[in-house]
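Here's a quick briefing on a protein model, with the cut-offs spelled out as we go. Have a look at the structure first, then read on.

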Amino acid sequence: MHRSAAACVHMFDADDDAFDERDTPIAPPVPVGAISRRSSLLQSLTAAASSSASRAQSGSNSPAADSRPLEDSKGSYFSNSMSNLAFAMSANTDITAVTPNDALFAPYPARTPYKQPKSRASSPTPRKSIVEDRVPREVETTSLRFVPRKPNTDLTALRNVHIEDSFSARPGIRQHRNQADMRDFYANASWQILRYRKGNGGLTNAIPTNDRTYPSFAWIGTLGMPTDSLDERTKKAISDALIKDYQNYPVIVSDSTFDGHYSHYCKQILWPTLHYQIPDNPKSKAYEDHSWIHYYTLNRGIADAVIAAYKPDDIIWIHDYHLFLVPNMVRQALPDAVIGYFLHVSFPSSEVFRCLPTRRTILEGMLGANYIGFQTSEYARHFMQTCNRILAADVANNVVRYLGRASYIGSCAIGINPHRLAMELTKSEVTQWRSVFRQKWEGMKIIASRDKMDNMRGLKQKFLAFERFLLKHPERKRDTVLVQVCMTDRSNSETELDISEIIDRINSSNADISSHQPVVLLNQDIAYEQYLALLLESDSFVVTSLREGMNLTCHEYIFVQSENCGSLILSEFTGTASGPFREEALIVNPWSIEKVAEAFDMAVSMSMDERRKRWKKMYQYITTHTGFDWTKSNLDAISTAWKNSRRVSDIVPPLDMKMVKSQFQLVQAPAYRMFFFDYEGTLTFWGSSKSSFFASPQKVIAALIELTSDPNNVIYLMSGLMAGELERTFRQVPNLGLIAENGCYIRPFASNEWISLIDERKLSWVPTVKKYLDAISERILGSYLVVRKASIAFHIEDAEDPVQVEQWTGECVNHINVFFERENIKAVASDHIIVVEPLDVTKSRAAEFALGRELSRRDNKLPGFLMVVGNAEDDENVFLWADRLGIPQQYVFTATFPRRISQAKASVEGINGALSLLAELAAHH
Ligand SMILES: O=P(O)(O)OC[C@H]1O[C@H](O[C@H]2O[C@H](CO)[C@@H](O)[C@H](O)[C@H]2O)[C@H](O)[C@@H](O)[C@@H]1O
């Protein structure tokens, strides 16, 4: 079966971005083999138990006699002690009887108690506590009733499904159960598979489910809930059904791994750091590494599932920060696999990222992918700089080369699914809710907002600014309302406290307390139809995130606003602001309360003409940059990257000397042969000043003299040395072509003249960078500088303290690349050296120049034999260049050293192998 694969874990968080694909039309089944690739997306799956009927029963239309439909028990289904079971409620798609008495109309502070759980990690009751606590305990406040679910008729259509918790509880009835009962209860609970409404809705909406032109997708992820209490049979049955019916491959881990991975490592360490909030409280234990093991274990589990499900031709697409390590784990097992990775959240500057104690492993994990995508070019740039700085990886032209592998880096902002949204808008409930809102807030300016209760969302800043706006424009108190929908499934009491005080202040400052309150806070998510109606009726939408990868809620807002052309206040720290909506939204710095207050004023007083003008452009953008476009563009980029970084095994096969010789001989004048040999490190020892770097190159010289005696052998040596040094070393070899300073200068074949390939007027950076590097060199014992004409080599191979080297390498490279950006130079680090040189200098450019000379001398004829041999990172571009010239592949020989993953097609056994090759060619000649 042909398939391609993609992966994501968004196990249980409410999605603040975009809702999922409810009521999607049923996709026609995809015929096996009709699709070139399959994508298996690691996706959020939520499993749960219910003690209602059996699975078969629960699929029936007749609820058990004693069951009570969920709709009947609206409000607080779950007491606090049961709150860990509550996610069934927020994921419940069956609640349809939404009435105007719902929470939306409960003015703050008379809000409903929290219905969302603190953490789902302890739900259901962990087996551990059941086993250890032998004293029967009272299960507080609730009787557990298990309600068979209405069958979901769409199931066959859905790839993005979950197993949903179908616990329900009637408040007010108490029931005593002992722990053994509980264990049996969970162990034998029945269950059903229902569509999951949470997770990363932006992602799931972007994956086409009913488009035959797309590959089919399978998803791999966790069940999104603790599972220790489920017995093995149940787990297996759930897994089997998910795999068989939905191509969802669930990964079941222990509760401690599940919780440690998500609630701790992801949420307390990675999430804040990636969003520029370093947990730096001296008492903070955030960076203690006890949860790293859980992060690692879960990633391992997912990687193993990917490896097990993988079939040749699949594309594996791994999503987001929960799975940083998976690409490399999969790469180790499947060296040839096509692997892509996409980071949905922001990637911070290297200064912030370097705080993570696990920074190297994370970067190495990501670099297992052929293609790594980001939402914006800024995040991509941060990532590349961080790789260069922390791993000393070679970064150029959006490619990160590390340990012989190449990862291509790109950016493409995710979009929404306008088609699906348009269908939602046609629902009658939306129309009903709209008229309710119109009556409720007649003649008022409605500002809508929807966020997670997360301190990254800038909620405090938003309300402070709104307060400031009302203070400056008191008349607005009576005709403006800010409706804030907050979703939460984990307690965030700090943010909550912060905002409740401010909202209290705003609402109580109104002289006429009986009437209008300017802020309505909904501390829970609302029905989607209600939310859409709110969006439709609003005059403005506000996003004040302090950092956010993209933000699709504002895309949704713009999409639904075709009648009203509402205005958008958007934090400059969102991905959306940095790209698509840069000009048209009211872009604000959420930290500037004054400016956000001004934006509130502008938003509500903007003329219709102005609104329409701005809206139109944003609308045009979102309808032409949809989620599907994003998926397509990423899958294309992944495939292209894989082709470019073609690699078949860890060991490049040895050069076939028989073949080399026979093709060599075939070339007769006027045809000619071209050779490019890297010098240092390939034909002679390189590196440490203590090593025999300048060991006599007699063998090389002798072979070169022999070879160049045939005018049809056009030979070039590529070197980091200066022109003068090279000329002196090889003065005995006539006609030899020389490339100096890694491509800055060239002395063409059969010429005595040196040609500069750089702009020599732009070398004023050399003394300044030298001064900077001198200062660093003084601190690193054993390091030294070699200043050439157009480049500087900072040697660290003999440095005594490796820790110091690691620290300063990154610092140097980063400093030079950032502070000398305008000079158009680059600093590139490898294991033993940092080279600073003009940005556009490459060996392949010099090779291209050399070929151009031959073409003009030889009637535009390409060489009949082309060989490139090299062992340096920057030789990779020359291999690629040689491959793409259009010379038939059997006449192109590219060789590097063994063990390296390379663009080269073959390998020679180190320096000795390279020297033997040269000698054999000379002898053959
Ligand atoms: O809270 P998590 O389960 O850890 O997931 C993180 C967030 O993922 C989704 O948002 C991210 O992806 C969106 C689509 O690419 C992007 O627009 C957003 O800026 C990212 O943060 C999800 O929508 C959020 O609810 C999750 O919090």
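Helices (H or I, at least four residues) and strands (E, at least two) are DSSP runs, numbered from the N terminus. By that count, the protein has 30 helices and 34 strands. This is a predicted model, so to speak of local features we need pLDDT of at least 70, side-chain atom pairs count only at pLDDT 80 or more, and totals for chains, interfaces and linings use all residues. Residues are numbered from 1 along each chain as its sequence is written, and side-chain values use heavy atoms, with hydrogens and water left out.

**Overall picture**

- Of the 925 residues, 60% count as buried (under 20% relative accessible area; exposed is over 50%, partly exposed in between, with a 1.4 Å probe and protein chains only).
- Take the contacts (heavy atoms within 4.5 Å) between residues at least 6 apart in sequence: 79% of them join residues at least 24 apart.

**Arg401**

- Arg401 sits in strand E15, which covers residues 399-402.
- Arg401 is buried but has no salt bridge (a side-chain nitrogen of Lys or Arg within 4 Å of a carboxyl oxygen of Asp or Glu).
- The nearest side chain of opposite charge is Glu876, 4.5 Å away; for charges, Lys and Arg count as positive and Asp and Glu as negative, while His and the chain ends are not counted.
- What Arg401 does have is a side-chain to side-chain polar contact with Asn877, at 3.5 Å (a pair of N or O atoms within 3.5 Å; within protein, one must be able to donate a hydrogen and the other to accept it, and residues adjacent in sequence count only if both atoms are side-chain atoms).
- Leaving aside neighbours within four places in sequence, the contacts of Arg401 include Ala393, Asp394, Glu873 and Gln903.

**Aromatic pairs**

- There are 29 aromatic pairs in the structure (rings of Phe, Tyr and Trp, its six-membered ring, with centres within 6.5 Å; planes under 30 degrees apart count as stacked, over 60 as edge-to-face and the rest as tilted).
- One of them is the tilted pair Trp271 and Tyr321, at 5.8 Å centre to centre with 40° between the planes.
- Trp271 is in helix H7 (residues 255-274) and Tyr321 is in the loop between strand E11 (315-319) and helix H9 (326-333), so this pair ties together parts 50 residues apart in sequence.
- Both partners are buried, Trp271 at 11% relative accessibility and Tyr321 at 1%.
- Phe676 and Tyr716 count as stacked because their ring centres are 5.4 Å apart and their planes lie at 15°.
- Phe676 and Tyr716 are both buried.
- Phe664, Phe675, Phe677, Phe865 and Phe893 make up one aromatic cluster.

**Charges over rings**

- The charged end of Arg450 sits over the ring of Tyr531, 4.7 Å from its centre (NZ of Lys or CZ of Arg within 6 Å of the ring centre and within 35 degrees of the ring normal).
- Arg547 lies over the face of Tyr276, 3.7 Å from the ring centre.

- Ser346 is in the loop between strand E12 (338-343) and helix H10 (350-353), and is buried at 1% relative accessibility.
- A polar atom of the Ser346 side chain lies 3.0 Å from the backbone oxygen of Leu274.
- Not counting residues up to four places away in sequence, Ser346 touches Leu274, His275, Tyr379 and Gly549.
- Ala218, in strand E9 (residues 216-222), is buried at 0% relative accessible area.
- Ala218 and Asn248 are 30 residues apart in sequence, yet 5.7 Å apart in space, C-alpha to C-alpha.
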